[in-house]
Amino acid sequence: MFTEEEIRGINVLKRGDDYIEIFCCCTSPRHGDFAAKLRVLASGELEITCECQPGCLEGKLTPIEFEKHAGRETCRKWKNNIWIFIDGNKVPLVSTVLLKYHNQSSKHAYGTHRFCHRDEFIICTECKKERRFCRHSVEECKSYHDALLNTNWKCADIPFGKFSCDDKEERKSRRVYRGCLRSSTCEGCSSCVCFGCQICCFSSCSCQTCIDFTKTTKA
């Protein structure tokens, strides 16, 4: 996604084929710096996991939602308000290369049909709490797909982070946000509901959905 020269001086936390994850912050005028992890996806999407305090229950946030969480919602200038460290200096996202894919996707969004896989929830068979699965990459879609097929799925099986049935359930007011590109509170539309594609279906899986998709693509 980025060359070594482009990300020189940036503290990269994690790097994959279709994403890069770095430390970021948004400074609240009342509460100081809100720390978080920013994941930049090749699709242009930006995911932020807030770490303002241990056990923050906000989950995955968009830049606008993170800006609001940090108390800067009146500004509506998240590209300037969210910053990262480069060689020890605070640099706003707008002045970095990290928005390259986001800006490209935004340019092509007007007048075109963009699609994303909406977030889904699975209920733990033990505590009956709903747990969110983001599906913005092949890896995340596979995690959700495997969990969906597991009839005895429980919180401890979540592949990312450390979860247990003792962890609080995401607030109901937050669960309405599913990551649709058209509307943040969408209940399901042609922009976020997928019935099978190369990102969410797998040739190695024997479920009927994956089998049907594999047969169709080979036909």
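In this predicted model, Phe-66 is in contact with Cys-24, Cys-25, Cys-26, Phe-34, Ala-36, Ile-48, Cys-50, Leu-61 and Ile-82, once its neighbours within four places in sequence are left aside. Apart from the core to which Phe-66 belongs lies another core, of nine residues, which includes Cys-200, Cys-205, Cys-207 and Phe-213. The largest nonpolar core comprises 25 residues, of which Leu-38, Phe-66, Ile-82 and Leu-93 touch the most other members. At least two residues of this core are supplied by each of strand S2 (19-28), strand S3 (32-41), strand S4 (46-50) and strand S6 (82-86).

Although cysteines are found among the contacts of Phe-66 and in the nine-residue core, the count of disulfides comes to zero. Cys-50 is in no disulfide, and the nearest cysteine sulfur, that of Cys-52, lies 3.5 Å away, whereas the cut-off for a disulfide is a pair of sulfur atoms within 2.5 Å. Cys-50 counts as buried because its relative accessibility is 6%. Cys-192 is likewise in no disulfide, the nearest cysteine sulfur being that of Cys-180, at 3.9 Å; with a relative accessible area of 0%, Cys-192 is buried.

Thr-96 is placed in the loop between S7 and helix H3 (100-109) and is buried, with a relative accessible area of 13%. A polar atom of the Thr-96 side chain lies 2.9 Å from the backbone oxygen of Leu-93, and the backbone nitrogen of Leu-98 lies 3.3 Å from a polar atom of that side chain. Not counting residues up to four places away in sequence, Thr-96 touches Ile-84, Ile-86 and Val-91. Between Thr-96 and Leu-57, which are 39 residues apart in sequence, the C-alpha to C-alpha separation is 28 Å.

The count of salt bridges comes to 21. One of them joins Lys-90 and Asp-33, whose closest N and O atoms are 3.9 Å apart; the pair links distant parts of the chain, with Lys-90 in strand S7 and Asp-33 in strand S3, 57 residues apart. Lys-90 counts as exposed at 52% relative accessibility, while Asp-33 is partly exposed, with a relative accessible area of 41%. A salt bridge is also formed by the side chains of Arg-132 and Asp-119, at 2.9 Å from N to O. This pair again links distant parts of the chain, Arg-132 being in strand S9 and Asp-119 in the loop between H3 and S8, 13 residues apart, and both residues are buried.

The side chains of Arg-175 and Glu-130 meet in a further salt bridge, with an N to O distance of 3.6 Å. Arg-175 lies in helix H5 (residues 172-175) and Glu-130 in strand S9, so the pair ties together parts that are 45 residues apart in sequence. Arg-175 is buried, with a relative accessible area of 16%, and Glu-130 counts as partly exposed at 25% relative accessibility. Salt bridges that share partners join Glu-21, Arg-39, Glu-47, Lys-60 and Glu-140 into one network.

Lys-129, in the loop between strand S8 (120-123) and strand S9 (130-133), is buried yet has no salt bridge, the nearest side chain of opposite charge, that of Asp-166, being 6.2 Å away. A polar atom of the Lys-129 side chain does, however, lie 2.8 Å from the backbone oxygen of Cys-165. With residues up to four places away in sequence not counted, Lys-129 touches Ile-122, Ile-123, Cys-124, Cys-165, Asp-166, Asp-167, Lys-168 and Glu-169.

Arg-135, in the loop between S9 and helix H4 (138-149), counts as buried at 10% relative accessibility. The Arg-135 side chain reaches the backbone oxygen of Arg-118 at 2.9 Å, and the contacts of Arg-135, residues up to four places away in sequence not being counted, are with His-117, Arg-118, Asp-119, Glu-120, Glu-140, Cys-141 and Tyr-144.

Most residues other than glycine have a negative phi. Asp-87, which is not a glycine, has a positive phi near 55 degrees; Asp-87 lies in the loop between S6 and strand S7 (89-92) and counts as exposed at 60% relative accessibility. Lys-128, also not a glycine, has a positive phi of about 65 degrees, lies in the loop between S8 and S9, and counts as exposed at 56% relative accessibility.

Methods
Residues numbered from 1 in each chain as written. Predicted model: local features only at pLDDT ≥ 70, side-chain atom pairs only at ≥ 80, totals over all residues. Heavy atoms only, no water. Helix = DSSP H or I, 4+ residues; strand = E, 2+ residues; numbered from the N terminus. Buried < 20%, exposed > 50% of the residue type's maximum accessible area, 1.4 Å probe, protein only. Lys, Arg positive; Asp, Glu negative; His and termini not counted. Salt bridge = Lys/Arg side-chain N within 4 Å of Asp/Glu carboxyl O. Polar contact = N/O pair within 3.5 Å; in protein donor to acceptor, adjacent residues only side chain to side chain. Contact = heavy atoms within 4.5 Å. Core = buried A, V, L, I, M, F, W, Y, C linked by side-chain atoms within 4.5 Å.
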